[in-house]
Amino acid sequence: MPRTTRPLSGRPVMITGAASGIGRGLAQLLSRRGSPVAIADIDEDGLKETAASLGGPVLTRVLDVRDAADQLAFADEVRAWLPAPLAAVFNNAGVAVSSSVLDAVPEDDEWLRRINFDGVVNGTRAFLPILVEQDTGVIVNTSSVYGLAGMPYQSAYCAAKFAVRGFTDSLRQELRGTGVSAVTVHPGGIRTNIARNARVRKDPEGKGRTQAQMADEFEAITMTTPEQAAEIICRGVERGKARILVGPDAYLFDALTRVAPTHYFDVLSVIVGVLRNRAAKGARK
């Protein structure tokens with residue numbers, strides 16, 4: 001059966017996590033394409049910067065995605081603001097924690113889960129009624145390549161992103177036969193501030209690195225900019241894809257977890273080591 005295309009250009013969208021990174025990239029891209037954009041984030045200053053960079057109609061809202069009641073209130077605001085049917089809801093806000101399971105701080109894991117998973121659920125539940133009433137539109141939930149593969153020192157992040165994947169896959173099946181669809185996005189390494197804003201109590205690998213040094217290492221091997229990610233995501237939504245892989249590393253993760261479902265990390269660790277060595281050599285030049 002051919003996929004149903006979902007044009008976004010010129011149609012209203014809602015984006016959380018829009019103060020930076022992929023969320024800002026999506027807002028800027030779709031605004032350039034003529035879409036009225038409703039944007040939300042807990043970072044008020046970053047949200048203002050994003051809004052100032054947009055040339056078209058914009059509705060801004062300082063929002064903590066963990067707050068289900070406030071998500072519902074924001075959905076009511078968006079409903080009243082909409083100049084046309086809502087084309088897409090991008091539940092994109094996210095944070096990171098780096099820790100071994102042995103040394104995990106429960107409060108940090110809970111903080112991450114409530115943003116990365118509960119925030120997606122809250123956003124879906126708040127905005128889905130609008131799309132169902134219209135009988136058109138797309139829920140776009142951001143998971144990760146860490147929602148495809150479990151990675152050491154990322155247990156909380158992987159658990160939340162696997163949960164987003166399962167939740168969205170289930171929703172997709174519930175929406176069969178309607179004009180509404182659900183899409184899961186799996187970004188690879190994107191050049192955002194997520195590593196610098198992560199909660200890190202100590203170097204989980206015991207190497208004595210600072211958080212800034214670990215963030216530098218992560219950013220040195222990222223392969224995709226937020227602007228490129230936004231292009232890929234919008235293209236995938238418009239083509240009717242149910243799952244969108246973002247970046248060459250995302251395709252690598254996907255392939256390895258299929259071919260070597262219990263040994264993929266052996267291969268990934270070698271590749272990451274090579275990339276880190278190249279980045280270190282480049283930094284010394």
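Two strands pair if DSSP finds at least two bridges between them. Helices (H or I, at least four residues) and strands (E, at least two) are DSSP runs, numbered from the N terminus.

## Basis of the model

This is a predicted model, in which local features need pLDDT of at least 70, side-chain atom pairs count only at pLDDT 80 or more, and totals for chains, interfaces and linings use all residues. Residues are numbered from 1 along each chain as its sequence is written, and side-chain values use heavy atoms, with hydrogens and water left out.

## The sheet

Seven strands form an open sheet in the order E3-E2-E1-E4-E5-E6-E7, with parallel pairing. Strand E3 (58–62) and strand E7 (243–246) are at the edges; each has a single partner strand, so one side of each lacks a neighbour in the sheet. From one strand to the next the twist averages 15° (axes are lines fitted to C-alpha atoms, for helices over the stretch in contact, and angles run from 0 to 180 degrees between N-to-C directions).

Ala 40 stands opposite Arg 61 in E3.

## Strand E6 and its partners

E5 and E6 are joined in the parallel sense by six bridges, and Ile 139 has Ala 182 in E6 as its bridge partner. The chain crosses from E5 through H5 to E6 in a right-handed β-α-β crossover (with the strands pointing away from the viewer, the path from the first strand over the helix to the second runs clockwise). Helix H5 (residues 155–174) lies across strand E5 (137–142) and E6, and runs at about 160° to E6. On pairing with E7, E6 makes four bridges, again in the parallel sense, and Val 185 stands opposite Ile 244 in E7.

Eight of the eight residues of E6 are buried (under 20% relative accessible area; exposed is over 50% and partly exposed in between, with a 1.4 Å probe and protein chains only). Val 180, Ala 182, Thr 184 and His 186 point one way from the strand, while Ser 181, Val 183, Val 185 and Pro 187 point the other way.

## Helix H1

Helix H1 (residues 21–32) has 12 residues and should span 16 Å at 1.5 Å a residue; its end C-alpha atoms are 17 Å apart, which agrees. The expected span is 1.5 Å times one less than the number of residues. Nine of the 12 residues are buried, including Gly 21, Ile 22, Leu 26 and Leu 30. Their cover includes strand E1 (13–16), E2, helix H2 (44–52), strand E4 (88–91), E6 and helix H7 (226–238). Just after H1, Gly 34 takes a positive phi of about 95°.

## Loop residues

Thr 192 sits in the loop between strand E6 (180–187) and helix H6 (211–220) and is buried, with a relative accessible area of 16%. Apart from neighbours within four places in sequence, Thr 192 is in contact (heavy atoms within 4.5 Å) with Gly 21, Ile 22, Glu 219 and Pro 226. A polar atom of the Thr 192 side chain lies 3.3 Å from the backbone nitrogen of Ile 194.

Most residues other than glycine have a negative phi. Asp 135, in the loop between helix H4 (106–134) and E5, has a positive phi near 60° and is partly exposed, with a relative accessible area of 44%. Tyr 153, in the loop between E5 and H5, has a positive phi of about 70° and is partly exposed at 31% relative accessible area.

Note on methods:
Polar contact = N/O pair within 3.5 Å; in protein donor to acceptor, adjacent residues only side chain to side chain.
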